[in-house]
Every structure is written in C-alpha cells, then in structure tokens.
4 protein chains.
Amino acid sequence: MTAPLPNDARAQLDRLYEEMRPKSLYPLWEVLSALVTPTPRSPAQAWKWDYASARDHLLRAGDLISAEQAERRVLILENPGLPGSSGITPSLYAGLQLILPGEVAPCHRHSQSALRFVMEGDGAYTAVDGEKAVMRPFDLVLTPNWQWHDHGNHSGQPMIWLDGLDIPTVRHFDASFAERLEAAEHPETVAPGDSTRRYGRNLRPLRGSTADRRPAAQPLFHYPYAEWSAALADLAAAEAPDPVLGHALEFLNPATGGPVMPTIAAHVRLLPAGFETRPRRSSDGTIYVVVEGRGEAKVGDEVFTLAERDLLVVPSWREVTIRADSRLVLFGYSDRAAQEKLGLYREAVTNA
Amino acid sequence: MTAPLPNDARAQLDRLYEEMRPKSLYPLWEVLSALVTPTPRSPAQAWKWDYASARDHLLRAGDLISAEQAERRVLILENPGLPGSSGITPSLYAGLQLILPGEVAPCHRHSQSALRFVMEGDGAYTAVDGEKAVMRPFDLVLTPNWQWHDHGNHSGQPMIWLDGLDIPTVRHFDASFAERLEAAEHPETVAPGDSTRRYGRNLRPLRGSTADRRPAAQPLFHYPYAEWSAALADLAAAEAPDPVLGHALEFLNPATGGPVMPTIAAHVRLLPAGFETRPRRSSDGTIYVVVEGRGEAKVGDEVFTLAERDLLVVPSWREVTIRADSRLVLFGYSDRAAQEKLGLYREAVTNA
Amino acid sequence: MTAPLPNDARAQLDRLYEEMRPKSLYPLWEVLSALVTPTPRSPAQAWKWDYASARDHLLRAGDLISAEQAERRVLILENPGLPGSSGITPSLYAGLQLILPGEVAPCHRHSQSALRFVMEGDGAYTAVDGEKAVMRPFDLVLTPNWQWHDHGNHSGQPMIWLDGLDIPTVRHFDASFAERLEAAEHPETVAPGDSTRRYGRNLRPLRGSTADRRPAAQPLFHYPYAEWSAALADLAAAEAPDPVLGHALEFLNPATGGPVMPTIAAHVRLLPAGFETRPRRSSDGTIYVVVEGRGEAKVGDEVFTLAERDLLVVPSWREVTIRADSRLVLFGYSDRAAQEKLGLYREAVTNA
Amino acid sequence: MTAPLPNDARAQLDRLYEEMRPKSLYPLWEVLSALVTPTPRSPAQAWKWDYASARDHLLRAGDLISAEQAERRVLILENPGLPGSSGITPSLYAGLQLILPGEVAPCHRHSQSALRFVMEGDGAYTAVDGEKAVMRPFDLVLTPNWQWHDHGNHSGQPMIWLDGLDIPTVRHFDASFAERLEAAEHPETVAPGDSTRRYGRNLRPLRGSTADRRPAAQPLFHYPYAEWSAALADLAAAEAPDPVLGHALEFLNPATGGPVMPTIAAHVRLLPAGFETRPRRSSDGTIYVVVEGRGEAKVGDEVFTLAERDLLVVPSWREVTIRADSRLVLFGYSDRAAQEKLGLYREAVTNA
C-alpha cells in the first residue's frame with residue numbers, strides 16, 4: 001500500500017481481513033511489494049561448506065548407517081536461509097554422497113534430474129539405463145529425468161560425490177514421480193563408454209537398423225575430467241581470460257546444443273593466478289565446487305576463502321567477484337536452463 | 001530410512017545430526033521419502049470460492065481503499081493448504097481485481113506473466129505496450145512477461161476480473177524484476193484491436209517496412225469471449241464430446257502454436273447437460289472459472305457444487321470428475337506450459 | 001577465368017578439356033561466374049496469363065478430354081524462360097484445373113505439397129485425409145505432403161482453381177513418392193469443417209482421449225475467402241498501408257506459427273485505389289492472382305496490366321512495383337518457406 | 001493420360017496444344033506421370049572417378065593455368081546423367097581443387113554452403129571469418145553460407161581437396177549472392193584452433209563480455225581426421241557393425257545437434273574387412289570418398305570397385321550394397337539435411 005490510512009479505515013480494513021480469512025481471501029495490497037519485487041530478493045544466503053569438515057561428518061555417517069539402511073547415504077547441503085527446505089537454493093538441491101567399498105545404491109528412476117560431480121575416490125560407477133560410467137575425480141555424470149540409474153563401488157576406497165538435483169523445482173510443480181527397479185542393479189545392456197564413443201566429439205550415430213541406445217533427447221551422460229580439463233587448459237593457453245568470467249566452458253547436450261538438462265545447466269571455469277573477475281550478477285542461483293587452487297569469492301558484502309573441494313552457493317542477483325590466488329578451477333551448476341526456457345533469465349555486469 | 005535402528009545407533013546418529021546442524025548439513029535418509037515421492041503429494045487443497053461471497057468482500061474493499069492507495073485492488077485467492085504463500089497452487093497465483101468507474105491501475109511491467117479473465121462489468125480496458133483491449137465479460141487478456149500494461153475503467157460500472165499469474169514460479173526461481181512507467185498510462189501507440197486484426201484468424205502480418213508492433217514471440221493478447229464461445233459452440237454442435245474432457249479448446253499463441261505464455265496454459269471446456277467426464281489426473285494444478293451453467297466437480301473424495309462464476313482449484317494429480325447439470329462452460333488455466341518445457345508434465349485417465 | 005590466355009596455352013587447355021570430358025571432369029574456371037553469381041540471375045521470365053484466354057483453352061480441353069482420361073484436367077502455366085520444365089519458376093509449379101459437374105478427381109497422395117486457390121465456381125470439394133472442404137471463390141485449400149486427397153464437383157457448374165505445387169523442388173531433390181487409393185474417394189471420416197472448428201481462431205484441441213484427426217504438424221487446410229478477406233478489410237479500415245507491401249497478411253500454420261507448408265508460403269495483399277508500392281526485390285519467385293480490382297505491375301523494365309483473375313509470375317530478385325488503379329486485392333505464393341529453412345531468403349527495398 | 005484417344009480427338013487435342021503453346025499453357029495430362037512419380041527416378045547416374053586419373057588431369061591443369069587466372073583451380077565432377085549442369089547430383093556439386101605451394105585462393109563469401117575434404121597434401125589452410133584451419137589429409141572443413149573464406153598453401157607440396165557445395169540447390173532457388181573481399185586474405189582475427197578449442201568436446205563458451213567469435217548458428221568448422229578416425233576406430237573396437245550401415249558417425253553442428261549445414265549432411269563409415277552391408281535405398285543422393293581400404297559397391301545393377309581416394313556418387317533411391325575387401329573407411333556427404341527440413345527424406349532397407 002502506498003500510503004498510511006486513517007485509524008478508522010485501518011480498523012475497518014482489519015475487520016474485513018478477519019472476515020475474509022476463513023474464506024481464503026487476502027488483500028494483495030498488503031503484500032504486493034513483497035510478491036513483485038524490482039529485483040530478486042532471494043531468501044537464500046551465500047554460504048560456503050568446508051569440504052574437510054563436511055567429509056568428516058559424512059564418513060561418520062558411513063560408520064553409523066549402512067548404505068542399505070540409508071538407501072542413499074547423503075548429507076544435504078541445506079541453505080541456512082531456507083530452513084527445512086532441503087534446498088541449497090530455492091530451486092536446487094545439493095548433497096554429498098558416500099559409497100563405501102562393496103556398496104550398491106539400488107536402481108530407481110524419478111522425475112528429478114540429477115548430476116553427480118566426483119569429489120574423491122576412483123572407480124565406482126554410475127549406470128544409466130544399463131550403461132556404466134566409471135567415475136574418476138571431478139568427472140561429471142548425469143542421470144536425467146526418468147532414466148534408470150544405480151551406483152556401485154567395487155573399488156577399494158570410499159567414493160564421495162556431489163549430487164545436484166532439481167528436487168525443489170519438481171516439488172514446486174507438484175510433479176514428482178518415482179519407482180524402483182525390482183533388481184538392485186539394472187542389467188548392463190551396453191558396454192561402458194558406449195554413449196561417449198557415439199556422441200563424444202561432435203559426431204553422432206548415423207541412423208541404421210540398430211535402435212539408438214540412449215534417449216535421443218539426451219544421448220550423453222558422462223563428461224570426464226580428463227576431457228573438460230584439457231579443453232579448459234587449451235583455452236587458457238591460447239587466449240586471455242574473459243574479464244567477466246575468466247575462461248569458461250559450458251557442458252552441452254549434443255542433441256540440442258543447449259544445457260545438459262532441461263532444469264540444470266553446468267559449466268567449468270579457470271581463472272589464472274592473480275586474476276580477478278569483474279563484478280557480475282545473474283538471476284540463477286549457482287553452486288560452485290573448487291576443483292583446483294585457492295582464492296576468494298566476494299558475494300555481496302561477504303567474503304569467502306576458497307580451497308580445494310570447498311562448496312559455495314551464490315544466490316540469485318548477488319554481486320559476485322572471484323579472485324584467484326593460484327590457478328583456480330571451478331565447477332558450477334545452476335537453474336539457468338529452466339530460467340531460459342521460461343523466459344526469466346537475466347544477467348548484468350557492473351561496469352568499471 | 002528403510003528400517004528402524006537400535007537405540008544406541010539412533011542416539012549416535014542424533015548426536016551427529018546435532019553437530020552437523022550448525023554447519024548446514026542434514027541427513028537425506030531421514031527425508032528422502034518426502035522429497036522424491038512415487039506420485040505428486042501436493043500440499044495444496046482442492047477448494048472452491050463462491051463468487052457471490054468473494055465479490056461481496058471485494059466491493060467492501062472498494063469502499064474502504066482507493067485504487068490509488070492499493071495500487072492494485074485485488075483479493076488473493078490463497079489456497080488453504082498453502083498458508084502465507086499467496087499461491088492458489090504451489091506455482092500459480094489467482095486474485096480477484098476490482099476497478100471502479102473512473103479508476104486507473106498505473107502502468108508497470110514485471111517478470112511475472114499474467115492473464116486476466118473478466119468476471120463482470122463491460123468496457124474497462126487493459127493496455128499492453130500501448131494497445132488497448134476493451135474488456136467484456138469472459139474475455140481473456142494476456143499481459144506477458146516484461147510488457148508494459150495498465151488498466152482503466154472509463155465505463156459507468158464496476159469491473160471485476162480474475163488475475164492469473166505465475167508469481168510463485170518467478171519467486172521460486174528468484175527472478176522477479178519490475179518497474180513502473182513514469183506516466184500512469186502508456187501512450188496509446190496503436191489503435192485498439194490492432195493485434196487481433198493482424199493475428200486473429202490464422203493470418204499474420206507479412207514483413208514489410210513497418211516494424212511489428214507486438215513482440216514477435218507473443219503477438220496476440222486478447223481472446224474475446226465472442227470468439228472462443230462461438231468456436232466452442234460450433235464444436236459442440238458438430239460432434240460428440242470427448243469422454244475425458246468434453247469439448248475442449250486450448251488458447252494458442254499464434255507465433256508458436258503452443259500455450260499462450262511460457263509458464264501458463266489456458267483453455268475452455270463445454271460439457272453438455274447431463275454429461276460426466278471420465279476420472280482423470282494430471283500433474284498441472286488447475287484453476288477453473290464457471291462461465292455458464294451448473295454442475296458438480298468431484299476432486300479426490302471431495303465434492304463441489306458449481307455455479308456461475310464460482311472458482312475452483314484442483315491440485316496436481318487429484319482425480320477429477322466433472323458432471324454438468326445444465327450445459328456447463330468452464331475456463332481453466334494451469335502450469336502445464338512450464339511443466340512441458342521442463343519435461344515434467346504427465347496425465348492419466350482412469351479406465352472404465 | 002579472369003584474363004585471356006595466350007593462344008598456345010588456350011590450345012593446350014582445350015586439349016586437356018577434351019581428354020577430361022569422357023571422364024566426366026570439367027574446368028570450373030570456365031563456368032564459375034555463371035554458377036556463383038553476385039545476385040540471382042533467374043532464367044525465369046516475368047509473365048502474365050490473361051485469365052479469360054487461359055479459361056477458354058481450359059474449357060475446350062474439358063470438351064475434348066474427360067476427367068477420367070486426364071486423371072487431373074489441368075493446364076500447366078509454364079514459364080516461357082523455362083521451356084520443358086513444367087515450372088512457373090525454377091522451384092514451383094502452377095496449373096489451372098477444371099472439374100466439370102459430376103466429375104471426380106481420384107484419391108491419391110504424394111511427396112509434393114499443393115495448394116488450391118479457387119478461381120471460379122462454387123460448391124466442389126477437396127477432401128484431405130477424409131475431411132471435405134467445400135470450395136468457394138478465392139478460398140485457399142492445402143493438400144500437404146503425403147496426405148490423401150481427392151476432389152469432386154457435385155455442383156451444377158464448372159469449377160476452376162489454381163494448383164500451386166512444389167513439383168520442381170521435389171524433382172530437384174529426387175524425392176517424389178506417390179500412390180493411389182484403391183477407391184476413387186477417401187471415406188469421409190469426419191464432418192466437413194472439423195479442422196476449421198478445431199483450429200480456426202487461435203484455439204486448438206486440448207488433448208483428450210480422442211486422437212487428433214489431422215496431422216499435428218499441419219492441422220488446418222481450409223482458409224476461406226470470407227475469413228481472409230474480412231481480416232484484410234479490417235486491417236485496411238484501421239490503418240495506413242505499409243509503403244512497401246500495402247496491407248499484407250500471410251497465411252499461417254497454427255501448429256508452428258510459420259508458413260503454411262515447408263516448401264510454400266502464401267499471402268494476400270490489399271492496395272487501396274491509387275496506392276503504389278515502393279520498389280522491392282526478394283529472392284523468392286512469386287506467383288500472383290488478382291482477386292479483385294485493376295492495376296499495373298512493373299517488374300524490372302516490363303509493365304503488366306492487371307485485371308481480375310489474371311495470373312502473374314515475378315522471378316527472384318526482379319524489382320517490382322505494383323500500382324492499384326482501383327482497390328486491388330492479390331493472392332500470392334512463393335518458395336520463401338523453403339528458402340528460409342535453408343538459410344537462403346533475402347529481400348531488399350529500394351529507398352526513395 | 002490413362003487411355004489412348006480416337007484419332008479424331010487426338011487431332012483436336014494437338015490443335016489445342018498448338019494454340020496454347022504461344023500462351024505458355026501446356027496439358028498436364030501428357031506429362032503428369034513424369035512429374036509425380038511413384039518413387040524417385042533420378043536422371044543422375046551412379047558413377048565412379050578414379051582418383052589417380054582425376055589427379056593427373058588436375059596437375060596438368062596446374063601446369064597450364066595459374067591460381068590467379070583460375071580464381072579457383074578446380075575440376076568439376078559432373079554427373080554424366082546431368083550434362084551441362086555442373087552437378088554431381090541434381091542438388092549438389094563436387095570438384096577437386098588444387099592449390100600449389102605459394103598460391104592463395106582469394107577471399108570471398110557467397111550464399112552457397114561448402115565443405116572441403118582433404119585428399120592429399122598437408123599444411124595448407126582454409127580461413128573462415130578470420131580463423132585459420134591448417135588442413136591435413138582427410139580433414140573436413142566447412143565454409144558455411146555467407147562466411148568469408150580464403151585458402152592458401154604455404155607448405156612445400158601441392159594440396160588437393162574435394163569441394164562439396166550446394167550450388168545446384170542455390171541455383172534452383174535463384175538465390176545466389178556473392179562478394180569478394182578487397183584484400184586477398186581476410187585479416188587473421190583469432191588464433192588457429194579457436195573454434196575447436198571452444199566447441200570441440202561437448203562444451204561451448206559460456207557467455208561473457210567477449211563476443212562470440214563464430215556465428216552462433218554454426219560455431220565449428222574444422223573436424224580433423226585425427227578426431228573422427230579415432231572415434232570411428234573406438235566404435236569399431238567396441239561393438240559389432242550395424243548390418244545396414246556398418247559403423248557410421250555423422251558430423252554434428254554443436255549449436256543444434258543437427259547436420260553440419262542447412263543443405264548438406266556429412267558422415268563417415270567404417271566397414272570391417274569382409275563385411276557387407278544389407279541393401280539400402282535413401283532419397284538423398286550421396287557422394288563418397290574412399291579414405292582407406294578396398295572394396296566394392298553395388299549400385300542398382302552396376303558394380304564399382306573401390307580403392308583409396310576414389311570418388312563415387314550414388315543417386316537417390318538406388319539400392320546400394322557395399323562390401324569391404326579390407327577395412328574400408330568412407331567419407332560421405334548428401335542433401336539429407338535439406339530434405340529433412342523440407343519433409344522429403346525417406347530411406348528403406350531391403351529385408352533379408
């Protein structure tokens with residue numbers, strides 16, 4: 001409401017409000033300015049999780065609860081500004097998952113789209129629709145909407161990865177479906193690496209008599225660290241960093257040329273030692289993992305030091321500057337994919 | 001968690017949880033079954049608003065608060081299952097707006113996409129990017145994302161319409177931007193009816209030297225009752241109703257052949273007297289307005305009688321059956337547009 | 001070749017050419033300037049067909065040959081610059097078809113996409129995939145790629161329409177497929193007007209249990225004169241004509257918001273009496289039918305007078321100016337749809 | 001026409017035809033069966049060019065005519081069934097280009113889309129919009145529609161490549177535009193390899209302040225042999241060949257997930273020694289280059305032996321079987337991209 005009311009009118013209004021409430025009717029003018037804001041006012045906070053500390057708790061959970069009991073043994077990274085939501089931003093979820101040697105996370109599928117980003121360990125697998133991907137540190141693995149997936153760790157060491165999902169978005173739209181496969185593991189219907197071989201290098205299978213093995217809409221699900229880090233290093237060797245983003249590459253769905261999943265976009269960035277990005281805002285809330293190096297992120301007025309494997313969340317429209325103390329490599333994911341589809345995405349750079 | 005734990009383990013876990021909480025770490029296994037459900041479990045309730053009662057409150061608000069004070073004089077239809085959310089479903093908003101003779105709702109634009117559906121009154125206008133649409137009962141008018149719009153009532157009678165917006169979705173993505181035009185009214189840059197003349201009948205302007213006047217992505221914003229009711233009546237005269245939906249037509253964006261806006265789809269349905277739809281579920285939460293006739297809606301186990309201008313909300317995945325006591329005409333809008341873009345939409349019919 | 005050669009080299013080259021010829025090898029440098037021209041140099045000529053004269057020949061053909069004998073009794077309008085090609089432009093075909101009372105053109109389907117534009121007569125029908133459209137003067141009817149179609153004339157008068165097809169384009173790509181239905185007429189599976197009722201006014205069927213009756217990619221095939229001429233007249237009553245095109249509306253495929261068929265675009269234009277368009281070139285060769293009025297078209301250096309039902313072809317990139325002596329209404333179709341899909345379309349206006 | 005006519009009617013018809021001819025009117029019924037055929041009847045012939053023989057003629061042309069005189073020193077591979085057309089199929093062009101050490105082919109751009117496939121030589125370059133690609137044997141390089149390109153050979157050996165263009169298609173649509181840059185070479189605006197680094201591995205540049213350097217619609221133009229042959233070999237090592245195509249990968253435009261250019265699709269295939277494909281027809285006319293190995297192609301009733309660097313054209317809808325005597329690697333390009341956009345593409349496999 002634009003102006004205060006005389007006491008009398010105020011009282012009458014309050015009476016009206018009281019009468020309306022049981023009928024589920026409420027005055028817009030009392031809340032309009034909070035509903036339609038001139039710029040985003042996210043309830044989420046900028047926040048950083050020290051990997052060492054989170055890892056310690058996760059391993060303790062590993063001692064206390066079996067994979068079988070937990071179904072998925074995961075610590076949720078819940079944004080302190082969104083208590084009870086299980087969200088790291090209003091639209092996205094993040095968790096750290098532990099699979100101990102010999103464990104299996106049983107096969108299921110659901111409406112939620114997921115990515116896995118390997119934090120440590122080497123040799124566990126994710127299988128998607130019957131194709132296994134062996135996971136190595138900093139590999140990106142997708143398990144898109146309604147595709148069967150299971151995980152297992154036949155290596156000799158614990159495996160920890162970051163789970164990034166669109167759980168809050170699927171809940172927002174009341175559209176969660178899920179089911180479990182009767183067997184814990186999906187039969188291995190194709191050899192590991194099949195989709196990478198078929199879609200790995202700006203090539204795709206020519207149509208023949210063999211049916212395509214992966215959904216045509218999302219043919220690739222494994223983006224190995226060895227590949228993306230080499231591409232990023234090549235870029236950094238050849239040119240100056242972009243002043244706003246540094247060297248930055250987005251993971252691409254080869255079927256569309258767009259983001260990896262309809263709700264989630266993912267990218268990697270490399271900032272040379274000593275480089276500092278220009279301040280930038282964007283309407284997508286973003287989760288970062290430090291893959292390599294040390295540095296500092298300034299988010300609004302808060303400053304976070306960054307060390308290897310730390311996790312940082314930057315809510316929508318907070319101004320961010322990142323400084324690299326040593327060569328700094330970041331992985332990030334956000335809801336930009338959904339925002340672009342719905343016509344909502346914006347970004348702005350603060351000019352020097 | 002799949003099985004109860006021994007007391008000892010439980011206690012150790014609880015200690016772990018307590019230590020983790022300050023670090024914003026939470027156990028997924030305690031909440032997983034609520035986050036990823038086998039089918040949608042919307043917190044929203046099915047609910048009906050009697051128009052007469054809501055109207056009465058709205059007119060009283062009209063006595064107590066001026067349009068100028070309210071900026072928008074609107075009663076929010078808040079779902080009783082979503083208290084404090086201002087949402088009629090988790091993703092959509094609905095409100096009843098009153099503009100009294102002589103009033104103007106000042107010009108602004110915002111990230112939120114809106115539709116107006118006229119409940120009563122005749123002759124007020126909505127102007128979108130400088131083009132006025134004169135609003136008559138049961139007309140549908142769009143004010144899409146980031147297009148300037150203002151309303152005014154130069155007729156001699158109060159005007160009430162339903163506002164349908166994607167406010168909760170824009171908030172979910174933390175992507176609200178808004179601004180006001182300095183002037184209350186946008187200059188009238190084209191004659192009323194311009195976009196309808198240009199896009200009204202499966203025709204569109206051929207490119208010439210004259211710039212297109214409306215955004216190419218959304219060229220049409222006025223769908224008059226006279227047009228849609230005639231189309232629906234023609235359909236009903238020519239064929240038997242579909243057993244699941246009755247006679248049903250969706251409003252179409254002529255630039256894409258898809259739903260009217262990226263986040264909202266809208267449709268109308270006609271059920272002949274005595275007709276009853278087969279039970280159906282869909283993952284989009286839907287808001288209905290009774291345009292004509294009487295009948296009954298069964299939503300899950302609840303039964304709602306329907307009379308002219310009543311408003312009904314059906315949450316995601318509730319089984320719905322609608323029975324027409326007289327010829328029954330409904331207008332509906334939902335978040336199906338967004339769900340389809342994000343790969344989430346589903347529907348199912350209960351077979352006889 | 002950029003420069004003349006000494007006689008000796010010329011002779012050696014000629015010997016080389018002679019030796020290469022049996023091996024199907026030819027020197028590009030002798031023809032490059034004709035293959036890759038700075039602007040289009042169409043072999044097609046601008047040409048006008050007087051309707052009265054063409055009609056006279058067509059009726060004589062009607063006396064001499066039965067519909068059964070002819071399969072399709074059509075006079076091809078072949079461009080005099082493209083002898084033997086049966087094309088009115090290099091990519092399109094045009095013909096005048098006559099169906100006498102009682103005749104039927106048997107049901108078939110083919111890769112070629114076709115439009116019919118009614119020149120005279122009233123009450124014959126085209127049936128597309130089992131839905132009949134009753135044809136009235138200046139109606140546009142589509143029979144898209146691979147849809148069953150048959151025609152019949154149960155009225156008491158001869159019916160003449162223009163056939164516009166992409167025959168040369170399908171031949172260019174060696175992609176002609178065709179088959180005949182065993183029966184002469186396709187069973188009438190839906191009532192006439194079904195698709196218009198369902199897609200006629202920026203509405204489309206909502207998905208129900210009833211399968212869509214027309215191909216989802218092309219749901220509408222009848223664009224009646226009564227509809228398009230009213231839309232054009234409304235436009236002309238409300239605003240000044242565009243200086244380049246006059247009042248111009250393109251027929252739209254409601255499933256895509258694009259041209260009516262993948263290879264052919266169609267439009268109508270209205271020029272007020274006394275109006276003259278600014279000179280314009282475009283890379284699509286266009287065929288015009290004068291629906292109403294008199295005027296003059298200047299194409300390059302040639303001038304054509306225009307009278308009702310005359311047919312005019314304007315090849316690619318010829319500068320065109322059209323002057324209306326009385327209110328002039330034109331129907332036109334061209335290959336712009338294909339050119340846009342292939343990234344080839346261009347247009348340019350000569351500035352005053 | 002379906003049946004013979006009595007002599008008298010025939011004579012009358014012939015008189016009618018004679019009178020119509022000066023008016024550019026022709027009887028469809030005399031030619032309909034040739035215009036709309038039940039299956040494609042391409043005038044093109046299957047044909048093979050021995051590389052050694054073509055190369056010999058090309059080198060002789062190199063002695064007789066300078067690059068400067070020729071502008072492009074190319075031997076056209078004209079289909080013997082399409083005399084005078086300069087086409088290898090009705091819609092596509094192929095030529096063998098020679099650039100001698102020290103020569104430059106000056107910078108120009110045109111509506112025609114082109115690909116280059118390197119036959120021999122190592123180290124010449126193609127520059128596209130100011131980015132150089134160093135060309136090695138069997139590399140694929142694109143110069144899409146309206147992008148500046150020039151070639152130069154600063155290596156010490158002759159360079160020969162295959163030019164594949166859509167010249168006949170651009171001519172078919174009368175849509176040829178071309179212009180020369182004033183300078184022979186485009187300034188080198190980015191370092192070689194830039195686009196490959198940025199789009200090479202299912203990654204793409206994230207938007208920053210640096211403008212994208214290549215057209216967003218076609219960001220990649222160099223597909224090195226080292227990359228595609230490794231992908232093909234990986235595929236062959238991992239699985240059995242598809243019975244219809246062998247191991248087959250299509251080159252992909254990373255911006256769309258579709259064919260490399262709007263008018264041309266390109267692919268590579270590997271057939272293990274002793275493998276024979278099942279007979280197959282498709283509506284795209286295809287040009288093959290033998291990259292490696294020996295074998296035999298049966299096209300309709302004709303048999304062609306295949307040796308390294310030989311060139312073979314297979315017209316639309318001819319049944320093809322390919323047999324590999326040794327491991328056989330083929331590169332192919334066709335007009336499938338255009339046919340799919342226009343709704344014309346078909347293929348069929350002969351069942352065993």
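Predicted model: local features only at pLDDT ≥ 70, side-chain atom pairs only at ≥ 80, totals over all residues.
On the chain A side, A:Phe173, A:Asp174 and A:Phe177 lose the most area to chain B. Together these three residues make up 10% of what that side buries.

The size of an interface is often given as the accessible area lost when the parts come together.

## Polar and charged links

The interface of chain A and chain B holds 2 salt bridges by the rule used. One salt bridge links the side chains of A:Glu19 and B:Arg60, at 2.8 Å from N to O. Polar contacts between chain A and chain B come to 32 residue pairs, with both residues at pLDDT 80 or more.

## Strand pairing between chains

Chain A and chain B also meet through strands. Strand 3 of chain A, residues 74-77, is joined by 3 bridges to strand 1 of chain B, residues 25-27. The two strands run antiparallel. In this pairing A:Leu77 stands opposite B:Leu25.

Strands of a sheet pair through backbone hydrogen bonds, either parallel or antiparallel.

## A five-stranded sheet in chain B

Chain B contains an open sheet of 5 strands in the order 8-7-10-5-12, with antiparallel pairing. Which strands stand at the edges? They are strand 8 (131-134) and strand 12 (178-180). Each has a single partner strand, so one side of each is left without a neighbour in the sheet. From one strand to the next, the twist averages 25 degrees.

Strand 5 (residues 104-110) and strand 10 (residues 149-152) of chain B pair over 3 bridges in the antiparallel sense. B:His108 stands opposite B:His149 in strand 10.

## Chain pairs without contact

Two chain pairs do not touch. No contact joins chain A and chain C; their closest C-alpha atoms lie 17 Å apart. Chain B and chain D likewise have no contact, with their closest C-alpha atoms 17 Å apart.

Conventions. Residues numbered from 1 in each chain as written. Chains lettered and ligands numbered in written order. Heavy atoms only, no water. Contact = heavy atoms within 4.5 Å. Buried area = accessible area lost by both parts, 1.4 Å probe. Salt bridge = Lys/Arg side-chain N within 4 Å of Asp/Glu carboxyl O. Polar contact = N/O pair within 3.5 Å; in protein donor to acceptor, adjacent residues only side chain to side chain. Pairing = 2+ DSSP bridges. Helix = DSSP H or I, 4+ residues; strand = E, 2+ residues; numbered from the N terminus. Axes fitted to C-alpha atoms, helices over the stretch in contact; angles between N-to-C directions.
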